[in-house]
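Subject: Structure handover

Hello,

Here is the structure I promised to pass on. Please open it first, then read the notes below it.

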Amino acid sequence: MALEKSTELLIVVTSFASFEDAKKMAHQLIESRLAACVQIQEGVYSIYRWEGKICEASEVLLSAKTVADKWVDISNFIKSHHPYDLPEVIAYAPEKYEAPYGKWVQAEVK
């Protein structure tokens, strides 16, 4: 399903060190209507370079469903409420999705 750019769906992804931090963010995103649905996935293992050192950490992945019009707001919200100094904030726009689901997401973030 293709919609006008402003209402196209986005899946916004970020990661956390703890389930509790991810759950807190999920509730904030839903309550503020920045996301219609948030999924939390435990068991992510990350290897990355930070400040010149190779680091390894268990993380929790958060995926928030929203629309393109909310990108700036949700990105700014995550960055300002995230415990990491430099949080991952990445958005994917699914090429196809079921129309009723897309309409539900749009209605939930109005």
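**What surrounds Pro87**

Pro87 touches Thr14, Lys79 and His82, leaving aside residues up to four places away in sequence. Contact here means heavy atoms within 4.5 Å. Pro87 sits in the loop between α2 (71-81) and β4 (90-92). Pro87 is buried, at a relative accessible area of 13%. The cut-offs: buried is under 20% relative accessible area, exposed is over 50%, and partly exposed is in between (1.4 Å probe, protein chains only). The C-alpha atoms of Pro87 and Val67 are separated by 20 Å, and these residues are 20 apart along the chain.

Before going on, the ground rules. This is a predicted model, in which local features need pLDDT of at least 70 and side-chain atom pairs count only at pLDDT 80 or more, while totals for chains, interfaces and linings use all residues. Residues are numbered from 1 along each chain as its sequence is written, and side-chain values use heavy atoms, with hydrogens and water left out. Helices (H or I, at least four residues) and strands (E, at least two) are DSSP runs, numbered from the N terminus.

**The sheet**

Four strands form an open sheet, in the order β2-β3-β1-β4, with antiparallel pairing. Two strands pair if DSSP finds at least two bridges between them. The edge strands are β2 and β4, each pairing on one side only. From one strand to the next, the twist averages 30°. For angles, axes are lines fitted to C-alpha atoms, for helices over the stretch in contact; angles run from 0 to 180 degrees between N-to-C directions.

Now the pairs:

- β2 (residues 37-50) and β3 run antiparallel and are joined by 12 bridges. Gln41 stands opposite Leu61 in β3. Gln39 stands opposite Ser63 in β3.
- β1 and β3 are antiparallel and joined by eight bridges. Ser15 stands opposite Leu61 in β3.
- β1 and β4 are antiparallel too, with three bridges. Val12 has Ala91 as its bridge partner in β4.

**The helices**

Which residues of α2 are buried? They are Ile74, Ser75, Phe77 and Ile78. These residues cover an arc of only 160° around the axis, so they lie on the same side of α2. The arc is that of the directions from the helix axis to the C-beta atoms. Val72 and Ser80 are exposed on the other side of α2. The cover over the buried residues of α2 includes β1 (9-16), α1 (19-31) and β3 (53-67).

α1 and α2 pack at an angle of about 145°, and their axes are 11 Å apart. α1 passes α2 in a right-handed crossing. On the α1 side, the contact is made by Met25, Gln28 and Leu29; on the α2 side, by Ile74, Phe77, Ile78 and His81. By class, this contact of α1 with α2 has five nonpolar, two polar and no charged residues. Ala, Val, Leu, Ile, Met, Phe, Trp, Tyr, Cys and Pro count as nonpolar; Asp, Glu, Lys and Arg as charged; the others, Gly among them, as polar. A crossing is left-handed if the near helix is turned anticlockwise from the far one by less than a right angle, and right-handed if clockwise.

α1 lies across β1, β2 and β3, running at about 130° to β2. α2 packs on the sheet and touches β1, β3 and β4; its direction makes about 5° with that of β1.

**Two positive phi values**

Arg33 is found in the loop between α1 and β2. Its phi is near 60°, a positive value in a residue other than glycine. Arg33 counts as partly exposed, at 37% relative accessibility.

Glu51 lies in the loop between β2 and β3. The hairpin of these strands has two residues between them, and Glu51 takes a positive phi near 50° there. Glu51 is not a glycine. Is Glu51 buried or exposed? Glu51 is exposed, with a relative accessible area of 68%.

Best wishes
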